[in-house]
Amino acid sequence: MIESLMKTAAKVIGVFFFVLAMLGNANADQDRRQVSFVPQWMPQAQFAGYYVALEKGFYERYGLEVNILRGGPERPSAEWLKKAAVEFATMFLSTAIVERAKGTRLVNVGQILSRSSQILIAKKSCGINSWQDLNGKKTGLWGAELSIMPRALFRRYGLQVAVIPQTSTVNLFLRGGVDVVSAMWYNEYHAILDAGVEPEDLVVFHLSDLGFNLPEDGIYCLESTFKDDPQSCCRFVRASLEGWRYAFDHQDEALDIVMKYVNEARIATNRQHQKWMLGHMREVIDLPEPGGYQTLLKEEDYLAVAGELMANGLIDAIPAYSDFLENCADVNEK
Amino acid sequence: MELYSYKQDKFFIVKVSGRMDAITAPEFEKSCLGWIEQGDSALVVDLEGLEYMSSAGLRSILIVGKKLKSVGGSLSFSSLTPNVAHVFSISSFGSMFPVYDSLEKALGNS
Amino acid sequence: MKNRGLAFKLILFTLSGTMAVFLSAFAYFYVSSKDSMTKCVEENARNLTHSTVHQIEKVLEGVQKVPLNYASLLSARNFEAGDIAGLVERMVSTNLEIYGAAIAFEPDALAAGAYYFAPYCYRKDDGHLMNVMLGDESYHYFTMDWYQIPRELNRAAWTEPYYDEGGGNMIMATFSVPFYKGKDAEKRFQGVVTADIALHGLQQIVSAIRLYRSGYAFLISRNGVFITHPDSRLVMTNSIFSIAEVKNSSLLRRIGKDMINGGEGLAALESGLLLPDKCRLYYAPLSSIGWSLGVVIPEHELLEGVHRLGRMVILIGLAGVFLMTIIVMLIARRITRPLKDLSAATVEIARGDLDAKLPDIQRGDEIGALARSFEEMRLALKDYIKHLTETTSAKERIESELKIARNIQMSFLPRAFPPLTGKNPMEISARLEPAREIGGDLYDYSLIDDDHLFFAVGDVSDKGIPAALFMAVTKTLLKGIAETGLDPARILNRCNLELCGENDSMMFVTVFCGVLDLRTGRLKYSNAGHEPPVIVRRDAQPEFLPVPEGFLLGVEEESSYQTMEIELEPGDKLIVYTDGVTEAVNAAGEFYSHANLMATVRSCWSLSVEGIATEILGSVKLFSLGIPQADDITVLALSFAGAEV
């Protein structure tokens, strides 16, 4: 008798506390939503907008308490999302499509870099002056999704290259181990100059010039996250874009903020390099008109990337565009 | 006044040119007395270049003449210019001392 | 003023001269000191760099040897998978410089089925060795630099420095050596042998290098990244090229490239590049690893010694110059002050005070000599002026006596004819103008008795006092003898005899004298070497009166004289003169001449006797205007009027 009474009491107390917690949560929800965000790589100016938005209190203004985690090569940002360790993450469009095709129900809430900054760099001394000369050359390519654009390029122009896998350094290229190296115009190109190579000695092939000007970084969250609280998601994107706008208007201040995170993480980079990077972000990030929510991923770009992924055998089927994208314009603001 | 002197045969010739006046006469007198001391006592004074003679000059001549007389010498004149010839004539010096028209004549005759 | 002038010039000249010498000496000293100092420092830097490089390379080469040996071992022999870990551990345990070592194999190379096979051993902080196996999904070592680079390049290579994975602050570098199976054409890449070293030891060696106050050494990697730097914020984050980009220096970029390409050299850098001030960089390569060591020497610090010395020298120089100025000023003053005093005293003397005291300057040098010369000059001047004064007063005395003598002389000469009773049977007037105050000309006229006029004109040889005395004697004799009533020739005779006595100086006098019978007009006259007078008969031309020959008075006792006679008609005139008239000279050197005299007489004969005399005299004086009078001028004019009818 007493046992069953105790059990019931425990249940009641448990439910009571649960309800209290829920209420508390609800209250917390009303005041400020706590979210976590992880960029797809280590702290650098590629993610300046987010750091700036945090430091300048834009997220706070939109009722978000954001914790920015440190990304990097050890753990892809998609992993964080999949394991629900973060609410938001950035990643390449191609990576996101592969994940979606694999079954991870993530959605694109904002396309940040709507143009490609991917390049192939070659040394003129290897006899390379135009893309035709790439034929037969030892070429460094990044991993799966990041190499679909260069592979598409080679296929389109009928070029056969000797592919050497490339990770996070360009030292193999600097030492002469490969003739051609994959790079981002905003990052590795400048790093090569910073290692003493003269621009005149290099040939740069911008994929965007050769017909592969496809979007890269975007902000993603789980579908469930969005459905639960679309306003917060859209506000996160909006605040982030405001962070980017501020960063472009106040580059020195933005660099100070970025370098703070860089130094905390003890990353081997310097302010000059970040300045180059931020300067370049400015060219590839389209900000929406003031008052706008996000930059939308265009369907044709989505399909182009997805198509390449399929052609390379990285996905079996193309996920629906409508499922992939969330448009904040449809979201009612509270 | 300039004196130009030289010996020729037994004569001592003195050519005088310029003016013989109170200033220059003492020089003539001193030079002649000097030559007389040396032993030249046959003096022929050629006055071709002498344009004027004053009483001082006459006086010097008298002194020289007196000295020559005392040593047994002789004094003659030649080539007098008109002014000087006039003075000689007025003062009768011409009767005191031989006067010749030219030096050659003076040398030829004494 | 003068004082300042000389002193000023002296100071200016000596100062500028010394300054010029000093400055050029200093400039030479400074430049050569700077040069030799710089060369010395560069030499030191070079040596320091080389010795440090050598020191580091010794360590690195020691480390390199190990994997190189093991790689050739692995290429030569076959090993079981189980042996590999032991090899790895031995690599670390037997080499203290090696922090960790690994032997990583190609997929499925050694043990079949093992995709990754890479035993790794490392030394923990406490010294124990830890063995692990590298390689899994998250550590796909095939694409890492330490594996990929030697594989693709087929040669051993050092990685770029990196931070230790363990989360520590350690910077590491890895040397990896590829090994192969098979030979020549069948040679197949098997894997790499790696050795990791912790760079903190090398960092310490380089950081310990301190030159002067702010000089330092730094180490850069193959990519130019700073491995050591006094500013630790630059380490691993910046390369020499990123610094060059920030400072916008193409020079620094060029130097960086030279450094990473194994170059060695010396460069001068402007301020703000590697140091706030201008500096010199000496760099040399660590050839075995492809890194480079740079040694930075602040220029102004290295030259500090020289600058300090230079400042001292300048200070000493300036002090010396200042001292010299004082000394030169004093010396100048020692010269100019006595000069000033001397000149002041001289001014006094010049004003006439010959007793003005000259400054007492007792010195052995030129100034003293000058002062003594001044004093001698003053005394000599004093003497001379005294003599001059005496001579002048003597001269004045003589002159005043001469004036008196003249007056006396003139008083001898009759002025005007004493008036006769009744009409004058004749008129006579004379003018005499002596060449000096007293002359040698004479004239005289007086009535011997009622009916006879005696007149005479004479010219004594020479002029001046002797002639004047002779003239006085002659005139007195003539008058005295004439009054005895003798005829003119006998007058001259007697006069001559008197004058000849004791006449060594051969003074003589020419005389024309005449006695005129006033009733009859008969003129008896005689001449002793005198100019013939001019006779102007009424209604006829003037002529020269013929005169008897007669020698000068006072020379020859035997001289004889003659009397000539003419009859004067009423209206006839006679003009007697001395050769002062005819021998007067004009500016052109021409004589007045007898012709001129005649012409003048022709023009004025009608005048009174005073007029004629004055006219002729005036004419002569006009003729010889501007020329000092050389001889006494006498003109006597006589006009016969005839006896009273």
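**Ground rules.** I'm reading a predicted model, so I kept in mind that local features need pLDDT of at least 70, side-chain atom pairs count only at pLDDT 80 or more, and totals for chains, interfaces and linings use all residues. Residues are numbered from 1 along each chain as its sequence is written, while chains are lettered from A and ligands numbered from 1 in the order in which they are written.

**Confidence.** I looked up pLDDT (the predictor's confidence in each residue, from 0 to 100): chain C has a mean of 86, with 96% of its residues at 70 or more. I noted ipTM 0.86 and pTM 0.60 for the model.

**Chain C overall.** I found 14 helices and 23 strands (DSSP runs, H or I of at least four residues for helices, E of at least two for strands).

**One sheet.** I traced an open, antiparallel sheet of 5 strands in chain C, ordered β14-β23-β22-β19-β20 (strands pair if DSSP finds at least two bridges between them). β14 and β20 of chain C each have a single partner strand, so one side of each lacks a neighbour in the sheet. Between β22 and β23 of chain C I noted 5 bridges, and Y577(C) sits opposite V635(C).

**Where A meets C.** I see 23 residues of chain A in contact with 24 of chain C (C-beta atoms, placed from the backbone, within 7 Å). On chain A's side, α7(A) gives the largest share, 3 residues.

Note on methods
Two residues are in contact if their C-beta atoms, placed from the backbone, lie within 7 Å.
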